[in-house]
Amino acid sequence: MLFDLVYLHCGRGAVFIKDNPDFVVRNEGGTIAVGAEWPFARLNFRNPNLRKYLLENMKTFIKEYDADGFRCDVGDMVPLDFWKESFQALRKIKSDLITLDEGDNPEAVKGIFDLMYSYGWNAKLTAAFSGKLSARVFREYCIEEEKGKYGDNTQKLIRTIDTHDSASNVGLDRYDITMTTRGVEAALVITSTYEGVPFMWNGYEICDNAENCMFSNRNYGRRSEINWSRGFTDDGVRRMEFVKKMHDIVHTCEAVSSGTLEWVDNDAPDEVISYLRIHNDTKVLVAVNSKNKRVKANLRINPKKIYLESGVSLSDAGVSMEPYSYMIAEVIL
């Protein structure tokens with residue numbers, strides 16, 4: 001279990017400000033400075049006593065509550081030297097500490113954080129499956145921009161189609177509506193098999209399509225609950241079985257979980273995403289139709305073992321793929 005650390009800011013009425021007024025940044029007149037984006041008091045990381053206070057806070061979570069690690073809210077906006085020094089001290093207590101930065105600064109995964117969000121990647125992926133972007137652009141982003149930005153650290157990136165932020169921002173236009181439930185499953189094949197760490201936002205296991213706003217409370221007037229009734233629909237039952245199968249593949253197939261990635265060309269590059277995950281002599285092909293239309297592709301598949309398939313027909317001429325179809329198969333090349 002990862003504990004959520006919100007160390008960039010705090011409420012202007014936080015209890016420790018009274019006894020430690022220099023724990024927060026102040027304006028010239030002595031009033032509490034607040035952030036331009038979020039109207040909260042900013043913590044003063046120039047103060048060594050604040051750093052010690054926060055470190056002891058983290059130690060308490062580990063010693064008293066056995067936390068496995070920390071998800072660090074907007075971690076990029078907190079000085080990286082604070083995280084580096086703190087994590088080094090914490091690993092003397094818990095050597096297998098897990099640290100996740102809610103940010104995308106490539107410097108943060110160079111010996112500081114174990115994991116990081118991949119905002120550009122999931123934005124391109126969801127745009128491709130929503131029909132706003134071609135699969136070709138998604139592939140180009142993966143090869144050129146992301147690899148250029150993160151290099152060999154791409155395996156440390158979280159792969160998801162949704163987070164608390166994006167789910168809140170879309171309101172009622174959840175992906176299970178705009179991408180259809182089949183489209184979401186096809187996209188989840190990519191998030192589960194691409195290099196990096198698969199991540200699924202709560203509710204996707206049952207096709208939740210209700211408003212999910214993190215700012216909801218009894219006064220704010222927005223919905224925050226998962227629509228669990230979706231789990232009893234045909235779509236919800238199918239999704240749960242799909243998630244179980246994907247979970248099993250990720251945890252039993254080393255090629256998918258830790259193999260190298262090699263893109264595979266096809267003659268429908270605007271629709272079909274195809275790549276290999278390779279571990280030793282095992283080659284697993286992932287082929288996904290990212291569009292809500294039938295596609296034919298000259299993609300030679302000689303399956304040795306099919307892990308998961310939906311809507312894909314094989315022939316000597318290539319493959320015929322139904323809307324949002326997919327296949328994960330160990331192949332002979």
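**Entry 1: Thr-193.** I started with Thr-193, which I found in helix 8. A reminder to myself before going further: this is a predicted model. I looked up how covered Thr-193 is, and its relative accessible area came out at 0%, so I put it down as buried. Next I asked which residues Thr-193 is in contact with, leaving aside neighbours within four places in sequence. My list for Thr-193 reads Met-246, Val-256, Tyr-275, Arg-277, Val-286 and Ile-328.

**Entry 2: the whole protein.** I stepped back for an overview. I counted 10 helices and 14 strands in the protein. The C-alpha atoms fill a box of roughly 75 × 45 × 35 Å, taken along the principal axes. Of the 333 residues, 50% count as buried. I also checked contacts with a separation of 6 or more: residues 24 or more positions apart account for 63% of them.

**Entry 3: helix 8 from end to end.** Back to helix 8, which covers residues 180-193. I noted 14 residues and a reach of 20 Å from the first C-alpha to the last, close to the 20 Å expected at 1.5 Å a residue. How many of the residues of helix 8 are buried? I got 12 of 14, and I wrote helix 8 down as mostly covered. Among the buried ones are Gly-183, Val-184, Glu-185, Leu-188 and Ile-190.

Thr-180 has a positive phi of about 65 degrees although it is not a glycine. Its relative accessible area is 28%, so I noted Thr-180 as partly exposed.

**Entry 4: Val-74, another positive phi.** Val-74 is not a glycine either, yet its phi is positive, at about 35 degrees. Where does Val-74 sit? I found Val-74 in the loop between strand 4 (69-72) and helix 3 (80-90). Val-74 has 13% relative accessibility, so it counts as buried; the cut-off is under 20%.

**Entry 5: helix 4 against helix 8.** I wanted to know what packs on helix 8. The axes of helix 4 and helix 8 come within 10 Å and cross at roughly 145 degrees. I logged that crossing as right-handed. On the helix 4 side the contact is made by Trp-121, Leu-125 and Phe-129, and on the helix 8 side by Gly-183, Ala-186, Ala-187, Ile-190 and Thr-191. Sorted by class, the residues of this contact are 6 nonpolar, 2 polar and no charged.

**Entry 6: helix 4 against helix 5.** Helix 4 has another partner in my notes. Helix 4 (residues 119-129) and helix 5 (residues 135-150) pack at an angle of about 165 degrees, and their axes are 9 Å apart. That angle is over 145 degrees, so I call helix 4 roughly antiparallel to helix 5. Helix 4 passes helix 5 in a right-handed crossing. From helix 4, Gly-120, Trp-121, Lys-124, Leu-125 and Ala-128 make the contact, and from helix 5, Phe-138, Tyr-141, Cys-142 and Glu-146 do. I sorted the contact of helix 4 with helix 5 into 6 nonpolar, 1 polar and 2 charged residues. Looking over both entries, Trp-121 and Leu-125 are listed in the contact with helix 5 and also in the contact with helix 8.

**Entry 7: Phe-242.** I moved on to helix 9 (residues 234-252), where I found Phe-242. Is Phe-242 buried or exposed? Its relative accessibility is 5%, so Phe-242 counts as buried. Leaving aside neighbours within four places in sequence, Phe-242 is in contact with Glu-185, Leu-188, Val-189, Leu-308 and Tyr-326. Glu-185, Leu-188 and Val-189 are already in my notes as buried residues of helix 8. I also checked Leu-308, which is 66 residues from Phe-242 along the chain; their C-alpha atoms are separated by 8.9 Å.

**Entry 8: helix 2.** Which residues of helix 2 are buried? I wrote down Leu-50, Arg-51, Leu-54, Leu-55, Met-58, Lys-59, Phe-61 and Ile-62. The buried residues of helix 2 pack against strand 1 (2-5), strand 4 and helix 3. Strand 4 and helix 3 are also the elements on either side of the loop that holds Val-74.

Definitions and conventions
Residues are numbered from 1 along each chain as its sequence is written. This is a predicted model: local features need pLDDT of at least 70, side-chain atom pairs count only at pLDDT 80 or more; totals for chains, interfaces and linings use all residues. Side-chain values use heavy atoms; hydrogens and water are left out. Axes are lines fitted to C-alpha atoms, for helices over the stretch in contact, and angles run from 0 to 180 degrees between N-to-C directions. Helices (H or I, at least four residues) and strands (E, at least two) are DSSP runs, numbered from the N terminus. Angles under 35 degrees count as roughly parallel, over 145 as roughly antiparallel, 65 to 115 as roughly perpendicular and the rest as oblique. A crossing is left-handed if the near helix is turned anticlockwise from the far one by less than a right angle, and right-handed if clockwise. Contact means heavy atoms within 4.5 Å. Ala, Val, Leu, Ile, Met, Phe, Trp, Tyr, Cys and Pro count as nonpolar, Asp, Glu, Lys and Arg as charged, and the others, Gly among them, as polar. Buried means under 20% relative accessible area, exposed over 50%, partly exposed in between (1.4 Å probe, protein chains only). The expected span of a helix is 1.5 Å times one less than its number of residues.
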